[in-house]
Amino acid sequence: MRKQIAAANWKMNLTVQQAETLVTDIIAAGVELKPNQEAVFGVPFPYITSVQKKLSGKKNMNIAAQNCYSKVCGAYTGEVSAEMLKSIGVPYVIIGHSERREYFKESNAELAEKVIICFEFGLKPIFCCGEDLAIREQGTQNDFVETQLKESLFHLTPQQMTGFVIAYEPIWAIGTGKTASSAQAQEIHAHIRSVLATQFGQDVADSISILYGGSVKAGNAKEIFGQPDVDGGLVGGASLVATDFATIISSLK
Ligand code: PEP
């Protein structure tokens with residue numbers, strides 16, 4: 001059975017004290033994760049170690065970095081490498097979030113390099129894709145997302161793609177309070193899985209967790225996660241509120 005994942009994306013928010021309180025409160029909420037479920041905390045780089053300590057020994061709770069650079073090492077002032085993340089025990093890294101694509105001009109080609117670097121150093125990418133409002137209004141979202149997958153992931157082997165994590169995040173739903181309906185989410189998630197099945201085989205596609213992201217809240221998570229091809233969520237705003245994120249975790253299938 002593929003993993004069901006509730007992944008928090010804290011973005012560039014919180015002080016370290018607030019971060020520690022948040023994670024402590026989420027743990028104190030006492031959510032029980034089943035063997036196929038995982039909670040992942042995408043925290044800012046400076047807080048990785050302190051949040052990691054809070055999560056230590058907590059079953060199926062893990063850290064993600066929010067980014068890494070597309071080069072192995074060298075004169076890239078201010079960047080953080082996959083090897084550095086691995087060396088401090090980070091298992092996951094969010095790759096290609098729409099904010100990185102928009103503000104930092106990360107292209108599909110650069111993201112293709114990043115996923116390879118992740119594999120080289122044993123990090124699991126949470127690969128983000130999704131269309132903006134203009135593309136949704138034209139009705140070409142399936143083709144758009146397919147191109148993102150082709151250009152950034154199709155150089156990987158079926159073995160590398162087994163158990164991979166993708167987050168489908170329509171840009172028009174991120175931080176806007178507008179959520180894709182559960183039917184819209186299911187439709188494009190099923191499309192993504194069929195594109196992956198064509199390239200990598202049905203068994204591999206069936207092993208890939210496809211998360212939905214875009215204004216997931218405590219009140220809508222259960223319905224969205226209940227769709228057959230939605231395997232949890234990547235959550236921004238609501239992951240900053242302990243009770244809300246605890247409810248979202250307990251909404252996993
Ligand atoms: C995100 O940052 O990936 C996200 C989906 O944000 P929000 O939940 O706030 O829409």
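Which of the 14 residues around the ligand come nearest? Select Lys11, Glu169, Gly175, Ser215 and Gly236, and you have them; a residue counts as near if one of its heavy atoms lies within 4 Å of the molecule.

Before you click on: this is a predicted model, where local features need pLDDT of at least 70, side-chain atom pairs count only at pLDDT 80 or more, and totals for chains, interfaces and linings use all residues. Residues are numbered from 1 along each chain as its sequence is written, and side-chain values use heavy atoms, leaving out hydrogens and water.

Next, pick the ligand's oxygen atoms. A polar side-chain atom of Lys11 lies 2.7 Å from one oxygen atom, and for His97 a polar side-chain atom sits 2.8 Å from a ligand oxygen. Gly237 brings a backbone N or O atom to 2.9 Å from an oxygen of the ligand. Taken alone, the ligand exposes 300 Å², and the protein buries 97% of that (Shrake-Rupley method, 1.4 Å probe).

Last stop, the cysteines. With a disulfide taken as a pair of cysteine sulfur atoms within 2.5 Å, the count is 0. Select Cys118: the nearest cysteine sulfur belongs to Cys68, 4.1 Å away. Cys118 is buried (under 20% relative accessible area), at 0%. Then jump to Cys128, whose nearest cysteine sulfur, that of Cys129, is 7.6 Å off; Cys128 is buried too, at 2%.

Conventions. Polar contact = N/O pair within 3.5 Å; in protein donor to acceptor, adjacent residues only side chain to side chain. Buried < 20%, exposed > 50% of the residue type's maximum accessible area, 1.4 Å probe, protein only.
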